[in-house]
Amino acid sequence: MTATQDQPNTSSSTASTGDSALAVKDLWKIFGDRADKIIGTPDADLTRKELQTKTGCVAAVKDVSFDVAPGEVFVVMGLSGSGKSTLVRLLTRLIEPTHGSVQMGGEDITSADDAKLRELRRKHVAMVFQHFGLLPHRKVIDNVGFGLEVRGENRQARRNRAQEMVDLVGLSGYENSYPDQLSGGMQQRVGLARALAADPQVLMFDEPFSALDPLIRRDMQNEVIRLHEEVGKTMVFITHDLAEALKLGDRILIMRDGEIVQVGTPDQVVGAPADDYVRDFVSDVPKSHVLTLRWVMRQPQPGEGEGGPALQADRIVRDAAREVLAAHGPVRVFEGDELVGVVDDEDILRVVVAEEASQS
Amino acid sequence: MTTLQTKRPAPAVTKEEQPYVEQGRNRHTGWWLLGIAVVWLGGWALLRGIDTLVLPFQDQTTLSTWLNGLRDDIQLAASQGNWFFDGVIGGISDALDGLVTFLQQLISTPAPPRPVPEIGWLGVVALFGWFGLAVAGARMALLVIGTVLAFGFVGYWSDGMDTLIITTVAVVICCIIGLPLGIAMARRKSVSAAVTPVLDLMQTMPAFAYLAPLALFFGIGAASAVVCTLIYAIPPLVRITEHGIRSVPATTVEAAGSLGVTKRQLLRQVQIPMARRTIVVGVNQCTMAALSMATIAAYVNGPGLGKPVIAALQNLDVGAAAVAGLAIVLAAIMLDRTTTAASERSQRDSARVASVGRPGVVMMQVLLEKLPRWASEETKGRRPIPTPAFRRAALGLLLIPVAICVYYSRTFLSLAQFPESVNVGPDIAKWINDFTDSFVNAVDTFTNAFKNFISYAFLNPLQSLMAESPWWLMALVLLAIAFVLGGWRPTVTTAVCEAVILGTGLWNDAMVTLTMTIVATVLVMILAMLLGVWMGRSRRADTVIRPFLDTFQVIPPFVYLVPALALFSSSRFTAIIAATAYAVPIATKLVADGIRGVSPSTVEAARSAGITKRQMITKVQLPMSREALVLATNQGLLYVLSMVVIGGMVGGGSLGYLVISGFSQTQLFGKGLAAGIAITALGVMLDRIARYAAARYGRA
């Protein structure tokens, strides 16, 4: 959640090299008969609609590759039908990929056999679902402990662990309720606790808050931010809500028709949209809330940059605005110790006022 | 996890991307049907009485003679120790007979050397009550006790016990076979694809049709009764089990999958618990079907309450039939309520208090406050409820008085044999006969007028049209109707079914039966639409009428014959009335649900356009519930058909009468069997036409 402040701009479109928590390479999913015959032929380059008309197959995910660093919150964003929910299911093979590979913590998931895959799901990765997927015939505590139960832990151990998780997600006192006695937000907390109970390295969220009303949704987003700070898991988060993506994501992958449109940090997505589709998408976003000074600074004129206040390049415009406006003359912008540019009142106002104009 | 994969549909495509709309085709169905009717009427007028294939009652056909021969061969083979008939079938038959006899000697018939059963009536009442308490709660336990006592009071103690024995044995076997089968079908498409058509056939075939062949294989008596009850009762259980497992939300199955469950864990910890309530509903349906068939099985000498009903019907003794019928109705209500209560309890513990009833709750509360911690669970802001441990302990303690009752019922004759002195059955029968006589005399004019109106206005002309047309004209007309309504697939089925009916040599009888079926179905739909529209539009009407329909639905078809017989004496029309009464509840419910299911926003929009009540019904609610209407007609048809056959008992004539005669007259065995085949063919034909018509016209 702190990436916008401290992640270097240059390395943000790919995760830090080396041991990534999750590495996805050339991943495809085509629904339909003889789908595996399509990849590698010219048909694979057709648009989704053309492919469907020609072969009757639907390409849900087309040639997707990305890496997720340990501890990163990686958001996959797209509208309904963009393939994002399919993508997240491919990662743990809840849906079998047609082609490509997924590696998680050095394990190759795509080639794992049933037992290996089950082991992986039981210990290394957990998922939170849009419609919760709770078991209505079990109490909250037994829902939370279900994953531990299926992997054969004894009753006492899983009760203790489940109780910890219930407390962690703020449901203390509701252990013995049944899911249908809880509100939607509380049910999703149970889903979250269930996912956390197995102490997985990677957490997957499939539009977890879409079914909740806006206030509860905001609470739950903050809850995820808090949990991320507390437990520091790698997270893959699926959403169709841009604000949610910008709020939670260290990096955001934008999908359309099964393909990657752009991968980048929130400020990259807003500041430098890859195409008109993304530009259109982000047009309503308050830019001053997302962009950093890096995106608004300019090269120092001769005579500027000699003295006065100094700010770091990854400060968000909105946060830095008051200081810049209060200063007399341009403010110097540093990347570490190196002077990279200056901003003055004009540069700040351009972003803020443009927003006002676009909103009115 | 390949099963998960196949279940996920391709990603949803928005409407903008796929603007595929089926072109509305104007099929001119009405004109086509009118054309068929004109040709038919013309043909009838010109060719009336030619090629009608009338077969006198005692005449044999090639098929019936051959079937008679086949029966003789089979009986010979069985008596000579043929491995199949004597070994396999005989083995099953002996096992079932032995099991039923064992249970009978336990609770219903004398167990030599004792002059009475092993457990007398007091012990049985105590045991049944305890069992009711264990599975369905205190109120149901009282209902159970009341019902079995009522068997005794009307003088049908051992018949009532026998009916319960046959029903229970059949249901237990159904569960042993049906539950695993249903689960397998839900988990494997191939199993489902293989079994579903068999279930279809089993459900379309009127129960009567397979009584005779079963009696041939299993002999008359308990074994045949159990087997035919089994065949009749297992399809709903299998279907509902499959449905229950299938309708566990995909997202839950997926969530469990993401936690790494094995297939066995998925089944045992997710799918079965979540489907439990549906499965218990399946057991309920299975039980009700088993009870209704267990009574009909009296035709193959199956023990139970069906026997006195048949005997009374044959003597046209309405009173006696009514008393035995009443016992059946009580049994039906008891079994239905108990299994329903069991299903509600199986849902969750919190419902437990409710089943105790009001005064029970208060007592329970007082009791629980004085109990140690293990006995009551404090739940937030709710009354304390007994824990499973407390329930088990209480049930265990109650076994002591039950055991005492059983002991006394073995020791004292008066507690073993239900006292004859309290038998009020004959008195009730006499009273009913007197009442019926005076009542029927009073309404005689009205009922006769009604009977004559329907007979002369609909029944006779239609029967003349169908049965007096040349067979080939009639066959063509049916084919044409099938084609116009359903397309070429049901037409092929119709052709095959017509060939089968012709093959049985009972074409004319089949047409008479078909006429009765159609007239009854029309009556059913008129009543169902009137009642159903009323119920669908008025919450209050629904609340009042629905419980009656629910109760009527659990009454075995057999019992409907009794009031019909009382009102209209023995005639073809009586069978039609009984069939109508039998089919109206289900059809009414379907129509009412359809009307209620019309989107409220559409109704509101129509009202805001200033629509009248009549327009609302005819232009909005009925057209929009077309699917339900078609389904109601289909179900109504099948119910009517099965009942029209049973109506052979009360003067229904034609195929039904032939089937029944086949049971009693040796030389008519083959013909009765042939009639059963013809009825099955009729049923399949009507079902297919209705189903394909439903698929075509059902989508509003």
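Tutor: A residue is called buried if 20 or more other C-beta atoms lie within 10 Å of its own. In this predicted model, buried residues make up 46% of the 360 residues in chain A.

Student: What makes chain A as compact as a globular protein of that length?

Tutor: The globule rule is 2.2 Å times the number of residues to the power 0.38. For 360 residues the rule gives 21 Å, and the radius of gyration of chain A is 23 Å, close to that value, so chain A is as compact as a globular protein of that length. The C-alpha trace of chain A spans about 70 × 60 × 40 Å along its principal axes.

Student: How do you know that strands β1 and β4 of chain A are joined?

Tutor: Two strands pair if DSSP finds at least two bridges between them. Strand β1 (residues 22–31) and strand β4 (residues 99–104) of chain A are joined by 5 bridges and run antiparallel, so the two strands meet the criterion for pairing. A:Leu22 stands opposite A:Met104 in β4(A).

Student: Why are β2 and β5 of chain A called edge strands?

Tutor: The order in the open sheet of 4 strands is β2-β1-β4-β5 (chain A), with antiparallel pairing. Each of β2 and β5 (107–108) of chain A pairs on one side only.

Student: Which residues count as in contact between chain A and chain B?

Tutor: Two residues are in contact if their C-beta atoms lie within 7 Å. In total, 30 residues of chain A are in contact with 25 residues of chain B. On the side of chain A that touches chain B, α4(A) gives the largest share, 4 residues.

Note on methods. Residues are numbered from 1 along each chain as its sequence is written. Chains are lettered from A and ligands numbered from 1 in the order in which they are written. This is a predicted model: local features need pLDDT of at least 70, side-chain atom pairs count only at pLDDT 80 or more; totals for chains, interfaces and linings use all residues. Helices (H or I, at least four residues) and strands (E, at least two) are DSSP runs, numbered from the N terminus. A residue is buried if 20 or more other C-beta atoms lie within 10 Å of its own, exposed if 12 or fewer, and partly exposed in between; C-beta atoms are placed from the backbone.
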